[in-house]
Amino acid sequence: MSDAGSRKSDRDLQDVVITYLADATLRRAPVSPLPLFPEQAQRAGKFARFLARRYYRDRLARSFRYSRRFAAAAETLVETPAFDVFLDDCVLGSAAAAERVGDMAVDYLKSCQSPRPWWSNLLQYEGLFFLQAATTESVSPAKFPQPAASARCRKFSWNLPDLLPELKTGRPISGSLRQEVVLLFSRTPQGRIYVVEVDDATAAVFRASDSRLSASQIAEAISLSPEFVQHTLAALVQIGALVTSS
Amino acid sequence: MPAMVEGRLSIGAFYNPHLAQALLQAAGAVDHLSMADPPESDDSAFPSIRDHFPLLLHDYLGQLSDPLSQHALARARHLQDVYRGPWVAEHFQCLHTQDGARTLDYVFPPLYTEEFLSRFVANACVLRDAVNAPLVMENIPGFFALNYAQMTEAEFLRRFLDQTGCGLLLDLPHIWLAAHYSGRNAREYLADFPLPKVVELHVAGVAEDRDLGGPWIAPTPPTQEILGLALWVAERSPGLRAVTFDAFAISLTAETLLRSVEATRAAFGL
């Protein structure tokens with residue numbers, strides 16, 4: 001039964017199998033990376049679709065936790081024809097796939113009747129949380145800091161960190177919560193998700209970190225002290241927002 | 001913290017936080033709870049749950065095809081310190097690539113080869129020592145066949161258990177599915193499994209899945225066929241101590257969970 005001619009370790013072969021199941025484009029390729037009999041290849045394709053549907057169903061349910069009180073449960077998206085089309089070319093765990101499903105979910109829920117004034121902000125928040133939950137792809141660390149694959153910094157017109165507990169307890173949302181906040185969404189390599197409120201200076205450091213600038217060059221570009229930039233970069237790396245090899 | 005029942009099988013379920021109150025009200029009907037996830041920081045019911053039920057660590061601790069990081073070992077040790085169960089469970093699975101870039105995020109077995117056997121043996125011993133508790137390993141079904149295997153699943157498990165002294169957590173829906181998709185009878189499929197090493201059984205239902213075009217595990221009550229298989233295995237497993245209804249899903253109702261535990265108790269004459 002063994003494949004004695006293979007030079008790869010068995011562990012490397014397992015990675016080929018995992019990648020094949022995760023990546024629909026590989027399964028459609030004219031030359032398969034796996035020596036599967038046609039019947040087994042067909043089964044592998046079914047299993048891959050099953051895994052992907054399950055994966056996104058789970059992340060949608062966990063990420064769109066607040067909007068479900070006012071609209072359809074986001075995870076019902078995976079039962080729609082549009083999601084079947086997505087499965088045909090999805091790369092499981094990639095940032096692109098997560099972004100696409102997150103956008104689909106937000107569109108899916110936008111049509112909620114009698115939307116509240118904070119509705120689109122809430123959906124944007126949950127969509128970005130989902131992006132963290134559904135992305136396992138990592139970027140290769142470069143010499144200078146760069147954003148992680150799923151890290152995003154967005155301005156909201158409602159104070160989501162204060163609004164979410166109100167939604168959880170069912171209390172009415174006061175107009176006083178209409179306050180601008182800038183939130184940074186990230187995920188560590190261990191899978192811990194952070195949503196942190198950041199000030200303008202921190203947001204500027206994050207946005208200037210594009211893998212081409214050193215810490216001192218970032219400090220110069222955005223007119224902040226090198227000490228502050230160095231400290232902020234370290235904090236952003238710690239929460240998985242930035243990646244660097246140095 | 002209560003201890004596992006002695007002198008008879010413990011019949012339990014997985015902790016589903018949304019069913020915490022129903023579980024507390026049903027204390028006595030459910031002997032133990034398995035923990036698939038750590039309690040959330042805002043899970044106000046968990047302290048009571050921990051006071052009322054023996055807890056079994058059944059989280060994802062890491063894939064034993066690869067060395068566990070110090071972070072993963074510390075996390076496992078912490079969880080076991082919280083639960084203090086009589087054993088800790090992990091799975092015969094390999095679902096992440098080595099660089100972490102791709103994951104299947106769900107049950108997927110390793111290639112059954114000498115290399116993987118060595119890797120699992122070495123890494124399981126490290127985990128067992130880190131948590132300072134007996135380790136039981138759960139079988140994982142395959143859905144399609146690859147040409148790389150050097151031994152059967154049964155041989156892989158038997159040799160692993162012989163080399164490590166670990167116990168076997170036999171997931172019967174997994175066995176049923178592996179048998180089904182290889183065109184065999186479940187009892188025939190189990191013929192070479194190391195049943196004397198079984199410490200815990202998982203039971204659950206199965207349902208049709210549209211992607212697979214066939215059955216898969218579902219958060220539904222165990223079928224009579226699964227319960228019959230559980231009895232058949234129990235007769236061959238002198239070390240069996242617990243049977244757990246294996247379902248955790250937001251869609252699971254208290255009624256289904258309690259009915260499933262009750263059906264399992266009845267099947268074992270308890």
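A word on confidence to begin with: pLDDT is the predictor's confidence in each residue, on a scale from 0 to 100. What we are looking at is a predicted model. In chain B the average pLDDT is 96, and 100% of the residues score at least 70. For the model, ipTM is 0.93 and pTM is 0.89.

Let me turn to helix α3 of chain B, residues 70–83.

Which residues of α3(B) are buried? They are A76(B), L79(B), Q80(B) and Y83(B). These residues cover an arc of only 100 degrees around the axis, and therefore lie on the same side of α3(B). In general, an α-helix has 3.6 residues a turn, so residues three or four places apart point the same way. The other side of α3(B) carries the exposed residues Q70(B), H71(B), A74(B), H78(B) and D81(B).

The buried residues of α3(B) pack against β2 (33–35), β3 (55–57), β4 (88–91) and α4 (114–131) of chain B. Just after the helix, R84(B) adopts a positive phi of about 55 degrees.

Finally, chain A. V243(A) sits in strand β5, residues 242–243. V243(A) counts as buried because it has 21 C-beta neighbours inside 10 Å, the threshold being 20 or more. Setting aside neighbours within four places in sequence, V243(A) contacts V139(A), P141(A), Q146(A) and A148(A). From V243(A) to S140(A) there are 103 residues in sequence, yet their C-alpha atoms are 8.0 Å apart.

Technical notes:
Residues are numbered from 1 along each chain as its sequence is written. Chains are lettered from A and ligands numbered from 1 in the order in which they are written. This is a predicted model: local features need pLDDT of at least 70, side-chain atom pairs count only at pLDDT 80 or more; totals for chains, interfaces and linings use all residues. Helices (H or I, at least four residues) and strands (E, at least two) are DSSP runs, numbered from the N terminus. The expected span of a helix is 1.5 Å times one less than its number of residues. A residue is buried if 20 or more other C-beta atoms lie within 10 Å of its own, exposed if 12 or fewer, and partly exposed in between; C-beta atoms are placed from the backbone. The arc is that of the directions from the helix axis to the C-beta atoms. Two residues are in contact if their C-beta atoms, placed from the backbone, lie within 7 Å.
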